[in-house]
Amino acid sequence: MRSGRALLLAVALAAAVSPWLAVHPPARQHRDALFAPPMRPHVIAAGGLHAPFVHPLRLVDPLARRYEADRARHVPLRFFSEGRLVTADGWFPLGTDALGRDVWSRLVTGARLSLGIALLACLGALAIGAVVGGVAGVAGGLVDGALMRLSEMVLVLPALYILLILRASLPLVLPDLTVFLFVAGALALVGWPSVARVVRAVVAREASLDYAAAAVAAGAGRGRLLFKHLLPAARPAIGTQALLLAPAFILAEATLSYVGLGFMPPAASWGTMLQEAASVRAIADYPWVLVPALAIAAVVFAVNLALGERGEAIGR
Amino acid sequence: MIAFVLRRVLFTFLLVAVTASAALLLARLAPGDATTELVGENVSAGARAAERARLGLDESPARAWARWAGRAARLDFGASWRYGRPVAPLVAERARNTLVLAGCALLLATMVGIPLGVASARENDRAFPALVRLGSTLALSTPSLVLALLLAWLAARTGWLPTGGMTSAGAAAAEGAGVLSRIADLARHLVVPVLALALPVAATLERAQSRAVARALEEPFVRNARARGIPEARLRWVHAARAGAGPVLALYGLLAGALLSGSFAVELVTAWPGLGRLMYEALLARDVPLVAGCAAAAALFAGLGTLLGDLLCAWADPRVRHA
């Protein structure tokens, strides 16, 4: 019953080894195969078993961009060549986009940006939330009140609107690294309050227990009490918060990039890939441009599974 | 109770003021300005400077803010630079469209999520609750952006439903078409965006309600009621459902923000002329007064939603009033 976590691990691993999993360089444009449909490899030819191969595509109607598999030709798949797991000229496992770029290769490459930004934003939000919540829980009184009012306000803010305004205050075209760091930072800035509130509740509860009193009696200062004794007690709650925030962050990147305020087009992220799906015509005629949406759904599904399993594990 | 309401109203007011001010300042800080689009690129420096002066772009941000705040306090939010229309009616019209979308979605989510949540609580061995749980885990995993894209594909593929906009092109011209057919047209356009927005929310509500009822079913008062011979169905649908209402009502306050974020994605995918789209267009055009107006409306929407949620909670559970 660890399928959620296993699925997440698999996705993270795929993102880590994406250059190896990609069939083509993610930015290469196959000019003769714009909007090519997904192709499946075959293993049976002329009634017998055959090494895996694909039928290359042939453009039969340039106007409607209709392709047909060329049954007469076989292109064998090459394994472990050119530093890739598998590759074949003219093979597009999940089709191509408007510029003839391989969707599968961009999907695994884009996972790095989309998941990386969510990971960094999560770490940021958890750090801010843990410190703010911890300080509020230990200090109590006026500090507690002020910090909690602040967190309430940020919690209620329409987060996506704030994110859009923050992003739009910078130049539209920025290097990918700048976008990465900025968007992750902005996400952390709108995401911390829920963490802070949970941490504060745990810390305030734990601070009234005997072991906290013992630590104080042994001469622990407030900082030591908080970071050495109370925050570790909040660790399960913080982990759950991370799983709650991650899907929202992945989605925020996708939304920002989808509307053109995130990563910029040559970069592959799940959001920039979804720009291909901006017109209903493209969605209807070339539905494989929606693959990144399915990838997002799969990751969020895995997170939800992990969350459920976690809930069972810690008895909630 | 009155002190509680007053405090929450003040909080909402503060929220709107802070959000709108921050939006104004950030939109001014943005590189490039509205004059590029308004007067074009090939004009003399003098003409551009005159336009900048007319819009107040040559002032310091602090002065511009003070001027804007002074007028906004009298509910005058200035005129949009791009549309040349006063901001308030423009924003109100689009906010109404978003409200229609969000309202329908919330209603649908409540009508689907709450009964399913009550029905599926704590019956782990039956097929129906397992099916509901699987369904809501799936729905939770398809955020509005993803769902809107998938539904747009379905609608475009089958041709059953319009994929974008709020009215058919012909309907606006045919004023004499009658109210009923206009409503029917609107309803057809509502299906895709409302479903995309409502399903994840319905799943959230279903999960919360299910957990709350499951907890309530284990409490002593339910056991006592069972011992008194109250039928199991009544225990679940009346006693436990009512006891579990508190945590679910608390969730409603937070849904306003989720609905706003979700509706932004849905509006962009399905070309729904709502607040999110207006805000997006204003940001791209560097239309500072309009950005501030949209941000104020969004904050008001989120603030009032939270306020309503809090009031519902306070009404259901008196202990909240003193928190």
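Which residues in α1(B) meet which residues in α4(B)?

## Two helices of chain B

In α1(B), the residues Ser21(B), Leu24(B), Leu25(B) and Arg28(B) meet Pro61(B), Ala64(B), Trp65(B), Trp68(B) and Ala69(B) in α4(B), where two residues are in contact if their C-beta atoms, placed from the backbone, lie within 7 Å. The residues of this contact divide into 7 nonpolar, 1 polar and 1 charged; Ala, Val, Leu, Ile, Met, Phe, Trp, Tyr, Cys and Pro count as nonpolar, Asp, Glu, Lys and Arg as charged, and the others, Gly among them, as polar.

Helix α1 of chain B covers residues 2-29 and helix α4 of chain B residues 61-72, and they pack at an angle of about 140 degrees with their axes 10 Å apart. Axes are lines fitted to C-alpha atoms, for helices over the stretch in contact, and angles run from 0 to 180 degrees between N-to-C directions. α1(B) and α4(B) are therefore oblique to each other, given that angles under 35 degrees count as roughly parallel, over 145 as roughly antiparallel, 65 to 115 as roughly perpendicular and the rest as oblique.

## Basis of the description

This is a predicted model, in which local features need pLDDT of at least 70 and side-chain atom pairs count only at pLDDT 80 or more, while totals for chains, interfaces and linings use all residues. Residues are numbered from 1 along each chain as its sequence is written, and chains are lettered from A and ligands numbered from 1 in the order in which they are written. Helices (H or I, at least four residues) and strands (E, at least two) are DSSP runs, numbered from the N terminus.

## A sheet in chain A

Chain A holds an open sheet of 3 strands in the order β1-β2-β5, with antiparallel pairing; two strands pair if DSSP finds at least two bridges between them. The edge strands, each of which pairs on one side only, are β1 (42-45) and β5 (75-76) of chain A. Strand β2 of chain A (residues 48-54) is joined to β5(A) by 2 bridges, and Val54(A) stands opposite Val75(A) in β5(A).

## Where the chains meet

Between the chains, 30 residues of chain A are in contact with 39 residues of chain B, and α5(A) gives the most to the side of chain A that touches chain B, with 7 residues. That side divides into 27 nonpolar, 3 polar and no charged residues.

α5(A) packs against helix α12 of chain B (residues 245-270) at an angle of about 55 degrees, with their axes 7 Å apart, which makes α5(A) oblique to α12(B). Their contact is made by Ala159(A), Leu160(A) and Tyr161(A) of α5(A) and by Gly257(B), Leu260(B), Ser261(B) and Phe264(B) of α12(B).
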